Amino acid sequence: MIPDSVLTHWKLSGSVSELGFGKINDTFKIGDETVVQRINASVFLSPKDVVGNYRRVLPYVRELVPDIVQTVNGKDFVVDVDGNVWRAFKYYDSRSFKSLPDSMCLAAGEAYGRLLNRLKDCDVELVPSIEGFHSLSHYVKEFNHHRKFAPNLPECEYVDEILQQIPDVSVPVHVIHGDCKIGNLLFDPVLPRVLKIVDLDTLMYGCPSWDFGDLVRSLLTGVEMDENLGLRHSSRIQELCRGFFSQYRLTDESSVSSYASAPSYMSFMLGIRYFTDHLAGDVYFKVEQRGSNLERARQQFSLYRRLSKQQHELTQLIESSMESNRQQ
């Protein structure tokens with residue numbers, strides 16, 4: 001829970017309840033107006049710099065993300081006696097989803113497309129929040145280190161096999177969110193629209209296709225899907241694409257292929273991260289029980305297999321969405 005000494009910096013009182021279903025930070029709702037969060041120092045290189053990055057980007061995206069609640073002394077964060085860094089945001093009455101309803105797909109795509117369009121013009125200096133984040137070569141190095149001290153699970157051979165085929169796409173273009181998953185969207189309590197985008201802790205210079213790939217990946221994670229995506233999921237992805245590319249317009253249509261391959265690429269990379277964390281003893285992602293990260297890894301590897309077979313179909317969905325937006 002939150003030490004009272006921390007709450008006094010914001011003069012907060014009222015009921016305290018855990019909020020959200022994130023796997024990294026500890027987040028609490030205080031009363032009905034404020035969210036207080038402890039930034040995980042085991043994950044982030046410097047929690048203070050995570051707060052600083054948010055402050056630097058805020059002028060470009062202010063109405064799209066939560067407002068910072070400063071302390072009574074005008075600070076953006078508090079450090080407790082144990083060295084933990086805490087921050088506070090305004091609370092928004094909203095809905096969050098692990099599995100996105102069909103009616104929300106368009107709004108989800110629009111929200112992240114709008115954010116990336118704003119970040120495209122964001123010329124600020126950012127401090128890396130996580131070493132090697134979104135670098136496949138970095139994750140492979142960590143994986144190879146930890147596999148030496150763990151049983152030779154079948155997934156080890158699977159990772160080796162895929163690494164023979166998949167390129168390390170690490171081309172920074174402009175500032176991106178870095179964690180564009182469905183769970184980081186706060187939806188209106190009634191209407192199919194996004195109120196705020198949260199968890200900008202991984203702000204970085206990267207390729208916007210990574211964010212798009214993560215968005216599609218998170219839309220499909222945990223859902224049943226046949227080898228041809230299926231009519232329902234094709235329509236969901238198309239709505240997501242239509243919303244995304246209505247706000248983030250591609251100037252170079254030759255880059256469509258990189259967006260079509262991004263969902264499988266991000267699925268595989270996240271699978272390695274989950275698998276490596278399992279081998280390391282679950283030190284990064286929160287787990288309910290031993291084996292949770294292994295199960296998450298298997299789910300992402302399964303998604304990679306299906307999405308990598310469907311890049312042509314994904315290309316068609318993206319091009320169809322872009323054409324639909326041009327005609328409006």
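Reply: Let us begin with Arg217 and Asp214, which both lie in helix α6 (residues 208-220), three residues apart, about one turn of the helix. Helices (H or I, at least four residues) and strands (E, at least two) are DSSP runs, numbered from the N terminus. The model is predicted: local features need pLDDT of at least 70, side-chain atom pairs count only at pLDDT 80 or more, and totals for chains, interfaces and linings use all residues. Residues are numbered from 1 along each chain as its sequence is written, and side-chain values use heavy atoms, with hydrogens and water left out.

Me: In what kind of contact do the side chains of Arg217 and Asp214 meet?

Reply: A salt bridge is a side-chain nitrogen of Lys or Arg within 4 Å of a carboxyl oxygen of Asp or Glu. Here the N to O distance between Arg217 and Asp214 is 2.8 Å.

Me: Is Arg217 buried or exposed?

Reply: Buried means under 20% relative accessible area, exposed over 50%, and partly exposed in between (1.4 Å probe, protein chains only). Arg217 has 6% relative accessibility, so it counts as buried. Asp214 is also buried, at 6%.

Me: Which residues do salt bridges with shared partners join into one network?

Reply: Asp26, Arg38 and Lys286 form that network.

Me: How many salt bridges does the structure hold?

Reply: The structure holds 15. One of them joins the side chains of Glu63 and Arg118, at 2.4 Å from N to O. This pair links distant parts of the chain, 55 residues apart: Glu63 is in the loop between α2 (47-61) and β4 (78-79), and Arg118 is in helix α3 (residues 105-119). Glu63 is partly exposed, at 44% relative accessibility, and Arg118 is partly exposed, with 28%.

Me: Which residue forms a salt bridge with Arg298?

Reply: The partner is Glu155, and the closest N and O atoms are 2.7 Å apart. Because Arg298 lies in helix α9 and Glu155 in helix α5 (residues 154-163), the pair ties together parts that are 143 residues apart in sequence. Arg298 is partly exposed, with a relative accessible area of 35%, whereas Glu155 is buried, at 12%.

Me: Where does Gln310 lie?

Reply: Gln310 is in the loop between α9 (292-308) and α10 (311-327). Its relative accessible area is 3%, so Gln310 is buried. A polar atom of its side chain lies 3.4 Å from the backbone oxygen of Arg306.

Definitions and conventions:
Polar contact = N/O pair within 3.5 Å; in protein donor to acceptor, adjacent residues only side chain to side chain.
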